[in-house]
Amino acid sequence: MRELYSQRIECPHCGHHIHVSLDTTCGDQDFYEDCATCCNPIHLNMHIDDLRNKLELHVDSDDEQIF
């Protein structure tokens, strides 16, 4: 698996597309990136599945409620 990835995502607040850099050398990560257009925080949760050689990225606004 490569160490660095560039992924295009959509801001869950305004819909603007931005590019984020993902570094897989630190394992699973949970971090925030600010949208360049609306300045709202975007919650990114990255999971590395070594068995299947896959990278899973979950993007949300972090203000969604789970019941």
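Q: Among contacts in the protein between residues at least 6 apart in sequence, what share joins residues at least 24 apart?
A: In this predicted model, 27% of the contacts between residues at least 6 apart in sequence join residues at least 24 apart.

Q: Which secondary structure elements does the protein have, and what pattern do they follow along the sequence?
A: The protein comes to five strands and zero helices, so that the order read along the sequence is β-β-β-β-β, and its C-alpha atoms fill a box of roughly 35 × 30 × 15 Å along the principal axes.

Q: Is D49 buried or exposed, and which contacts does its side chain make?
A: Buried means under 20% relative accessible area, and D49, at 11%, is therefore counted as buried. D49 lies in strand β4, which spans residues 41-49; its side chain reaches the backbone nitrogen of L51 at 3.3 Å and forms a polar contact of 3.1 Å with the side chain of R52.

Q: How many positive and negative side chains does the protein have?
A: There are 4 positive and 14 negative side chains, with the centres of the two sets 12 Å apart.

Key
Residues are numbered from 1 along each chain as its sequence is written. This is a predicted model: local features need pLDDT of at least 70, side-chain atom pairs count only at pLDDT 80 or more; totals for chains, interfaces and linings use all residues. Side-chain values use heavy atoms; hydrogens and water are left out. Helices (H or I, at least four residues) and strands (E, at least two) are DSSP runs, numbered from the N terminus. Buried means under 20% relative accessible area, exposed over 50%, partly exposed in between (1.4 Å probe, protein chains only). A polar contact is a pair of N or O atoms within 3.5 Å; within protein, one must be able to donate a hydrogen and the other to accept it, and residues adjacent in sequence count only if both atoms are side-chain atoms. Contact means heavy atoms within 4.5 Å. Lys and Arg count as positive and Asp and Glu as negative; His and the chain ends are not counted. The place of a charge is taken as NZ of Lys, CZ of Arg, CG of Asp or CD of Glu.
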